[in-house]
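Dear colleague,

I am handing over a structure that you have not worked with before, and my notes on it follow below. Please read them with the model open beside you.

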Amino acid sequence: MSNLLDLSTALFLRVNDFARTSTWLHAPATAYAKYGLVVFAALMLVAAWRRRSASDRVLAAAVWAGLGTLLAVAVNQPVAALVAEARPYAAHPSVLVLVDRTTDWSFPSDHSVMAGAAAVGLLLVSKRLGTLAAVAALLMAATRVYVGAHYPHDVVAGLLLGGAVAGLGWVLLSKLLTWAVHALRALPVIDRVLAPAAREA
């Protein structure tokens, strides 16, 4: 285990050295590392809107993409507190940091947890949107290391944890969510929203 952590630290320092020399990449990488989660929110909204006239199970999957992401973040909080790993810039004060320094824990990365959960959730709805989200998730993980906020093992663990929560949660809750979507569709106000989509289909 210590060898893996040493390898992760060495990789972080190499990426940080690259960040020092690639000033042209600072602005876009920092912007995405800080605000890239908007991309996942947009993809989830698109998925829900495009699947609004689909079967109850498919629409439930679209709803779960958002709920599963929120659940993954909630699950990550006690995990991060239990591990209590300091941010890399706390252990290496001289490294380049392109985002605001925080005192919250580094492992697993919250941003990567959300990205991983969103990617898996969207893959349950649409292969195309899920693939876009998976690429965006890998980019989020890479930029979080690039800006100096996390070690590589923080973001890898975050992607895996988020994806696992979203995937396992759907297996356990899909029947309940499908039933809930079916029940909600019976409400007049919901029916009026979905009716135009049904006619278009």
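For residues 58–170, an unreviewed UniProt entry lists "domain: Phosphatidic acid phosphatase type 2/haloperoxidase"; UniProt positions are given here in the numbering of this model, with feature names shortened, and such annotations may be inferred rather than shown by experiment. This is a predicted model, in which local features need pLDDT of at least 70 and side-chain atom pairs count only at pLDDT 80 or more, while totals for chains, interfaces and linings use all residues. Residues are numbered from 1 along each chain as its sequence is written, and side-chain values use heavy atoms, with hydrogens and water left out.

The span 58–170 is 73% helix and 0% strand, and its end C-alpha atoms lie 12 Å apart. The protein has nine helices and zero strands, where helices (H or I, at least four residues) and strands (E, at least two) are DSSP runs numbered from the N terminus. Taken along the principal axes, the C-alpha atoms fill a box of roughly 60 × 35 × 25 Å. Of the 201 residues, 43% count as buried, a word that stands for under 20% relative accessible area, with exposed meaning over 50% and partly exposed in between (1.4 Å probe, protein chains only). Among contacts (heavy atoms within 4.5 Å) between residues at least 6 apart in sequence, 78% join residues at least 24 apart.

The unreviewed UniProt entry also places "transmembrane region" at residues 32–49, 61–85, 132–149 and 155–173. In the model, residues 61–85 are 92% helix and 0% strand, with end C-alpha atoms 34 Å apart, whereas residues 155–173 are 100% helix and 0% strand, with end C-alpha atoms 26 Å apart.

The largest pocket holds about 210 Å³ of space. Of the 15 residues that line this pocket, the closest to its centre are Arg87, Asp100, Thr102, His111 and Arg144. A pocket, on a 1 Å grid over the protein atoms alone, is an open set of points where a 1.4 Å probe fits, with protein on both sides within 12 Å along at least five of seven lines, and lining residues have an atom within 4 Å of a point; grid points are joined across faces, edges and corners, and a volume is the space filled by probe spheres set on the points. Helix H2 (26–35) and helix H6 (110–123) each supply at least two residues of the lining.

His150 sits in the loop between helix H7 (127–146) and helix H8 (152–185), and it counts as buried because its relative accessibility is 1%. Its side chain makes polar contacts with the side chains of Arg87 (3.0 Å) and Ser109 (3.5 Å); such a contact is a pair of N or O atoms within 3.5 Å, and within protein one must be able to donate a hydrogen and the other to accept it, with residues adjacent in sequence counting only if both atoms are side-chain atoms. Beyond its neighbours within four places in sequence, His150 is in contact with residues including Phe12, Pro88 and Arg144.

Leaving aside neighbours within four places in sequence, Leu161 is in contact with Val75, Asn76, Pro108 and Val113, and its C-alpha atom is separated by 8.8 Å from that of Ser112, 49 residues away along the chain.

With best wishes
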